[in-house]
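Try each one before reading its solution.

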Amino acid sequence: MEYSLYMKEALKEAYKAFDKKETPIGAVIVKDGEIIARAHNLTETLNDSTAHAEILAIRQASEKLGGWRLVDCDLYVTMEPCIMCSGAIVNSRIKKLIIGTRHIKNAYTDKQHEFKIDYYENNNIEINFGVLREDCSDVLQEFFKTLRKR
């Protein structure tokens, strides 16, 4: 399926983050079958708490399209977006959100997950979970396993 093709590109971005010792999350934005933006987490590199893959990809796509409204664009991201990124996704008018794996940590993340799902649905964003879930989870697990060894 075409979803896995673009998620593989997001995974390439996640591995770029991994190599930079950043939390390995990658994102690509697709419009009319073409990748118009790609990014990975750079919070440590840029010393910027907002430098998440989704935010950086949204900025890049907005620049390419010449406006902040990303109508008819799809965002592929390897891990479920945080609350900050969810706001940016909704505000940018992303049409479809395709997520590799969920962020599962504790009961609070379950509450946040439910809130985000409602938020996306209330803003007419189509959501698809679990595209290349194992691959997306593996890179995160490997990163945190390596981090704990240090």
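**Exercise 1.** Does Glu9 count as buried or exposed, and at what relative accessibility?

*Solution.* This is a predicted model, so start from the computed accessibility. The value for Glu9 is 17%. Buried means under 20%, so Glu9 counts as buried. Glu9 is one of the buried residues of α1, among them also Tyr3, Tyr6 and Met7. What covers these buried residues includes β1 (26-31), β2 (34-40) and α6 (133-149).

**Exercise 2.** Find what the side chain of Glu9 meets in a salt bridge.

*Solution.* Step one: the partner is Lys12, at 2.9 Å from N to O. Step two: both residues lie in helix α1, three residues apart, about one turn of the helix. Residues three or four places apart point the same way, because an α-helix has 3.6 residues a turn. Step three: Lys12 is partly exposed, with a relative accessible area of 48%.

**Exercise 3.** Which residues form salt bridges with Glu13?

*Solution.* First, the side chain of Lys16 meets that of Glu13 at 2.9 Å, N to O. Next, Glu13 pairs with Arg38, where the closest N and O atoms are 3.7 Å apart. Glu13 sits in helix α1 and Arg38 in strand β2, so this pair ties together parts 25 residues apart in sequence. Finally, salt bridges that share partners join Glu9, Lys12, Glu13, Lys16 and Arg38 into one network.

**Exercise 4.** Check the span of helix α1.

*Solution.* At 1.5 Å a residue, the 18 residues should span 26 Å. The end C-alpha atoms are 27 Å apart, which agrees.

Notes:
Residues numbered from 1 in each chain as written. Predicted model: local features only at pLDDT ≥ 70, side-chain atom pairs only at ≥ 80, totals over all residues. Heavy atoms only, no water. Helix = DSSP H or I, 4+ residues; strand = E, 2+ residues; numbered from the N terminus. Expected span 1.5 Å × (residues − 1). Buried < 20%, exposed > 50% of the residue type's maximum accessible area, 1.4 Å probe, protein only. Contact = heavy atoms within 4.5 Å. Salt bridge = Lys/Arg side-chain N within 4 Å of Asp/Glu carboxyl O.
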